[in-house]
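Look at the structure first, then read on.

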Amino acid sequence: MLYHYTTFAAFDGIIRCAELRLNNILNMNDASEMRLFMNGICRAVTERLDQNGQDKKSRSVEAFFRKELEEEFHYSAYAACFSEYRDDAAQWERYGYLGQGVCIAFREELMQKMVGGVISLQKVYYQTDMREHRLVDDFYEMIRNAKDFAECFPSLQNLMNEAWLQSAAFKHPSFASEKEVRLVVSPFISSKFTMEPKYHVSSERIKKYYPLDLRKMCSKLDMCLSDLVGEIIIGPTSSQSLPILQDYLEDCGLGVLQDKISVSECPLRKPRP
């Protein structure tokens, strides 16, 4: 199972509306999102160029990456986040509204079958050292073999696009305890991306997101949303009534999920008033 900790408002969007929102990764809790990977790749490539006496190309690579990072919003990936951990205190605190929310367990095997094209299911890696990543070899060989930096620019840009795609799967090691898996889309692949964005307007700001139609995705595999959901866990500090949640599922046409509800056993302390 992959566990999605969230609020009851977001739960309603997923269950009643069959819509899973993919939010901008750059706005998530790791302030180094995407940049961590890009800086790591840049550092590894320039180190190898420096070691082989190609200082001029090394400086050109630094300038190229610096310019790309200034355009990071253009390359933003959007994702829905899951954890491999069930009923986890840290997940409840960070993403489950301090334990007052709810957790939906999705069957990973079925999710893997649903994705494809511009949608991918990515395991998150927690590291800052990118020297062993295959893209370091690709960047290095391309630049090393070029007569000058400008000569390889078109191919280099294609490789950079691939790096931005990969960057959504890496986070700072301090977040390793989350054991995160992400459902990711990258809108900047314009020739392949046709999903239309939506906007959530709150009192504080306007947020852009991409909606995944779960009902449509399930129907392509001849299954229902209820097949995808393995369990619903009420948060440890939630005041949610179990009978009301069961009635809610029945009225949403998902009565089959009534027996899949459990209550968290995590001894998380209730927030003070």
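Start with two helices: α1 passes α10 in a right-handed crossing. Keep in mind that this is a predicted model.

**Two helix pairs**

Two packed helices are described by the angle between their axes and the distance between the axes. Here are both values for two pairs.

| Helix pair | Angle | Distance between axes |
|---|---|---|
| α1 and α10 (residues 242–251) | about 30° | 11 Å |
| α3 (residues 55–69) and α7 (residues 153–167) | about 55° | 12 Å |

Take α1 and α10. Angles under 35 degrees count as roughly parallel. The two helices are therefore roughly parallel to each other. Which residues meet? From α1 come F11, D12 and I15, and from α10 come L245, Y248 and L249. This contact holds 5 nonpolar residues, 1 charged residue and no polar ones.

Now turn to α3 and α7. Their angle makes them oblique to each other. The crossing of α3 over α7 is right-handed. On the α3 side, the contact uses F64, F65, E68 and L69. On the α7 side, F153, L156, Q157, M160 and W164 take part. By class, that gives 7 nonpolar, 1 polar and 1 charged residues.

**The largest pocket**

Rolling a probe the size of a water molecule over the atoms shows where empty space is left. The largest pocket has a volume of about 1200 Å³. It is lined by 40 residues, and H4, T6, A10, N23 and K207 are the closest to its centre. Several elements give two or more residues to this lining, among them β1 (2–6), α1 (8–15), β2 (19–24) and β10 (206–213). Which element gives the largest share of the lining? That is β3, with 6 residues.

**The one cavity**

How many cavities of 30 Å³ or more are there? The count comes to 1. The largest cavity has a volume of about 60 Å³. Its lining consists of L20, F82, F106, M111, M114, V115, L183, L214, M217 and L228. Both α5 (108–114) and α8 (214–219) supply at least two of the lining residues. What classes line the largest cavity? The lining has 10 nonpolar residues, with no polar and no charged ones.

Definitions and conventions. Residues are numbered from 1 along each chain as its sequence is written. This is a predicted model: local features need pLDDT of at least 70, side-chain atom pairs count only at pLDDT 80 or more; totals for chains, interfaces and linings use all residues. Side-chain values use heavy atoms; hydrogens and water are left out. On a 1 Å grid over the protein atoms alone, a cavity is a set of points where a 1.4 Å probe fits but cannot get out, and a pocket is an open set with protein on both sides within 12 Å along at least five of seven lines; lining residues have an atom within 4 Å of a point. Grid points are joined across faces, edges and corners, and a volume is the space filled by probe spheres set on the points. Helices (H or I, at least four residues) and strands (E, at least two) are DSSP runs, numbered from the N terminus. Axes are lines fitted to C-alpha atoms, for helices over the stretch in contact, and angles run from 0 to 180 degrees between N-to-C directions. Angles under 35 degrees count as roughly parallel, over 145 as roughly antiparallel, 65 to 115 as roughly perpendicular and the rest as oblique. A crossing is left-handed if the near helix is turned anticlockwise from the far one by less than a right angle, and right-handed if clockwise. Contact means heavy atoms within 4.5 Å. Ala, Val, Leu, Ile, Met, Phe, Trp, Tyr, Cys and Pro count as nonpolar, Asp, Glu, Lys and Arg as charged, and the others, Gly among them, as polar.
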